[in-house]
There are 2 protein chains.
Amino acid sequence: MTTIRIYVTYKPSVFDPQGAAITNSVNSLGHDEVKKIVVGKFFDVTVDEDDLDKVKADVKDIAESLLVNFNMETYKIKVLEENA
Amino acid sequence: MTTIRIYVTYKPSVFDPQGAAITNSVNSLGHDEVKKIVVGKFFDVTVDEDDLDKVKADVKDIAESLLVNFNMETYKIKVLEENA
C-alpha cells in the first residue's frame with residue numbers, strides 16, 4: 001500500500017474568496033497580526049500498489065481528471081507512506 | 001513574518017462523505033487499485049510576528065475559535081516559514 005497526499009490550491013492569480021473572508025473574520029476577532037490566510041484542500045489517496053512510479057502516474061491521472069480544476073487551481077503531490 | 005499551516009480533517013470516527021464519494025468516482029473511472037481517499041482542508045496563516053511561541057499560541061486560538069469544529073474535526077499545525 002502507498003499513500004500519497006494531493007494538495008490543491010487556487011492559482012496565485014485567482015482570488016481566494018474563502019481565504020479573504022476568513023482573514024477578515026480573524027482580524028475582526030482582534031488578531032490584527034494575521035496578514036493573510038490562504039485556503040486549500042488535500043486528498044490522501046491510498047493505493048494498493050508498491051511501485052512508486054506506477055502510483056505517481058495513477059495519482060497524477062486521478063488529480064488531473066477528477067480533483068483539480070485547471071482553470072482556477074493547481075496541485076502538488078507528496079508521498080506520505082511507502083510499502084505500508 | 002511566520003507562516004503556519006493548519007491541517008483540518010474529520011475525526012477518524014466520523015464518516016467522510018466527500019472522501020467516500022470521490023473514492024467511488026475514482027473506482028468507477030477504472031482505478032480499482034485505489035482503496036481509500038480521505039479529504040481535508042488546510043489554512044496557511046501568515047502572521048507578522050517572529051516569536052514562534054507567540055505565533056503558535058495565536059494560531060491555536062484561531063484554529064480552535066474559528067476554523068475547527070471539534071464535534072467532527074481535529075487539526076494539526078506545521079511551521080512552513082520562520083522569520084521570512
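Guide: Start with the two chains. Chain B can be laid on chain A with an RMSD of 0.0 Å, by a turn of 180° and a shift of 0.0 Å along the axis. (Copies are superposed by least squares on the C-alpha atoms of residues with pLDDT of at least 70 in both.) That is the relation of a two-fold axis. In chain B, the C-alpha nearest this axis belongs to K41(B), 2.2 Å from it.

A word on the basis. This is a predicted model, in which local features need pLDDT of at least 70 and side-chain atom pairs count only at pLDDT 80 or more, while totals for chains, interfaces and linings use all residues. Residues are numbered from 1 along each chain as its sequence is written, chains are lettered from A and ligands numbered from 1 in the order in which they are written, and side-chain values use heavy atoms, with hydrogens and water left out.

Now one chain. Chain A has 2 helices and 3 strands. (Helices, H or I of at least four residues, and strands, E of at least two, are DSSP runs numbered from the N terminus.) From the N terminus on, the order in chain A is β-α-β-α-β.

Next, the sheet. Its 6 strands run in the order β3(A)-β1(A)-β2(A)-β2(B)-β1(B)-β3(B). The sheet is open and its pairing antiparallel. (Two strands pair if DSSP finds at least two bridges between them.) At the edges stand β3 (73–81) of chain A and β3 (73–81) of chain B, each with a single partner strand, so one side of each is left without a neighbour in the sheet. Neighbouring strands are turned by 25° against each other on average, direction ignored. (Axes are lines fitted to C-alpha atoms, for helices over the stretch in contact, and angles run from 0 to 180 degrees between N-to-C directions.)

Look at where the chains join. Strand β2 (residues 34–47) of chain A pairs with β2 (residues 34–47) of chain B over 13 bridges, in the antiparallel sense. Here V38(A) stands opposite D44(B) in β2(B).

Helices of chain B lie across the sheet strands. Helix α1 (residues 17–28) lies across β2 of chain A and across β1 (2–10) and β2 of chain B, at about 130° to β2(B). Helix α2 (residues 52–67) lies across β2 of chain A and across β1, β2 and β3 of chain B, at about 35° to β1(B). (Contact means heavy atoms within 4.5 Å.) Finally, 100% of the interface residues of chain B are also interface residues in chain A, so the copies meet through the same surface.
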